[in-house]
Amino acid sequence: MAENEQKVALVTGGSRGIGRAIALRLAAEGAYVVVNYAKNRQAAEEVVSSIEKAGGRARVSGFDVSDFDTVQEEIENIVTELGGIHILVNNAGITQDTLIVRMKKEDWDSVMTTNLDGVFNCTKAVARIMIKQRQGRIINLTSVVGEMGNSGQTNYAASKAGIIGFTKAAARELASRAITVNAVSPGFIETDITQNLTDEIRKQYIDKIPLQRFGSPEDVAGVVSFLASDEASYITGEVLRVNGGIYT
Ligand code: NAP
């Protein structure tokens, strides 16, 4: 039997970038994947059709992770339809970069509510189900920026550092029910988020990365897949870095 044959996985922000690669990977390993998105339904549907073409099972589910009530309802609907959720990947995230002196309250709030409240909202809804199942894997996407800081990203760094604290606390809380909670901390990965960097800034980053390249979404998906697998059943509260050595 494939690794995740009987499992349902919910990947938030599964329509693009890292989330897309995670959705494809978990589906290739046999999971039924729910591909969440916020705005980009077409991209999410393309992920589902790629999964189905490869013989996998998936469906889209559009909701804004920052909207507490909607998240509770949508996750309830998924469980009613599919019978459970065994893997939650809290991947949805945004940036709204600017220096503190220029940062508007809306820039702060939008990043915090999507990146950090989103993790709480989805984890809260799923934890109840996983506790009943006495089984579950929760994997949260943090960032190297949450660990080392970055000028122009105080909102993003705070949200991602918050995810690390949340992960460690939730891991302790849920461990007795055989639910593991871990974080994956990517460095600079080739996605829409890093697409906006100028060539000069890209070069400056690459000069600082010991492995001398940006990572691929698949580099991150492989680590998420490991944390979701039986091989990782004794790992919880951990932060696994996938950053080419830029921060160790
Ligand atoms: P991306 O390419 O910009 O994709 C972001 C995804 O999140 C999209 O699927 C988007 O859906 C979804 N999303 C955004 N806001 C949402 C909301 N409110 N509710 C539900 N879904 C929402 O981003 P990425 O680069 O793959 O990043 C994925 C995660 O990895 C993020 O948490 C990011 O912080 C983290 N990360 C990325 C990097 C990097 O270098 N790329 C490095 C470290 C950490 P739509 O398609 O509908 O907009």
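Okay, a definition to start: I call a residue buried under 20% relative accessible area, exposed over 50%, and partly exposed in between, with a 1.4 Å probe and protein chains only. What we have here is a predicted model, where local features need pLDDT of at least 70, side-chain atom pairs count only at pLDDT 80 or more, and totals for chains, interfaces and linings use all residues. Residues are numbered from 1 along each chain as its sequence is written, and side-chain values use heavy atoms, with hydrogens and water left out.

Let's do the sheet. Helices (H or I, at least four residues) and strands (E, at least two) are DSSP runs, numbered from the N terminus, and two strands pair if DSSP finds at least two bridges between them. There are 7 strands in an open sheet with parallel pairing, and the order goes E3-E2-E1-E4-E5-E6-E7. At the edges sit strand E3 (57–62) and strand E7 (239–242), each pairing on one side only. Direction ignored, neighbouring strands of this sheet are turned by 20° against each other on average.

Now E5. How many of its residues are buried? It's 6 of the 6, so E5 is largely enclosed by the rest of the structure. In a regular strand, side chains alternate between the two faces of the sheet. Here, Gly 136, Ile 138 and Asn 140 point one way from E5, while Arg 137, Ile 139 and Leu 141 point the other way, and all are buried. E4 and E5 run parallel, joined by 4 bridges, and Ile 87 has Arg 137 in E5 as its bridge partner.

Helices on the sheet next. For this, contact means heavy atoms within 4.5 Å, and axes are lines fitted to C-alpha atoms, for helices over the stretch in contact, with angles from 0 to 180 degrees between N-to-C directions. Helix H2 (residues 41–53) lies across strand E2 (32–37) and E3, and runs at about 170° to E3. H4 lies across strand E4 (87–90), strand E5 (136–141) and E6, at about 175° to E4.

While we're on H4, have a look at Met 112, which is found in that helix. Met 112 is buried, at 15% relative accessible area. Leaving out residues up to four places away in sequence, Met 112 touches Asp 117, Asn 155, Ala 158 and Ser 159. Met 112 and Tyr 156 are 44 residues apart in sequence, yet 7.4 Å apart in space, C-alpha to C-alpha.

On to charges. A salt bridge here is a side-chain nitrogen of Lys or Arg within 4 Å of a carboxyl oxygen of Asp or Glu, and by this rule the count comes to 11. One of them is Lys 105 with Asp 109, closest N and O atoms 2.8 Å apart. Those two are 4 residues apart in helix H4 (residues 105–133), so about one helical turn separates them. Lys 105 is exposed at 56%, and Asp 109 is partly exposed at 29%.

Another one joins Asp 207 and Lys 203, at 3.0 Å between the closest N and O atoms. Both lie in helix H8 (residues 199–208), 4 residues apart, about one turn of the helix, and both are exposed. Then there's Arg 25 with Glu 29, at 2.8 Å, N to O. Which of that pair is buried? Glu 29, with a relative accessible area of 14%; Arg 25 is partly exposed at 36%.

On a 1 Å grid over the protein atoms alone, a cavity is a set of points where a 1.4 Å probe fits but cannot get out, a pocket is an open set with protein on both sides within 12 Å along at least five of seven lines, and lining residues have an atom within 4 Å of a point. Grid points are joined across faces, edges and corners, and a volume is the space filled by probe spheres set on the points.

The largest pocket holds about 1,200 Å³. Of its 43 lining residues, Gly 93, Ile 94, Thr 95, Thr 191 and Ile 193 are the closest to the centre. The search for cavities of 30 Å³ or more finds 1, and H4 gives the most to the lining of the largest cavity, with 4 residues.
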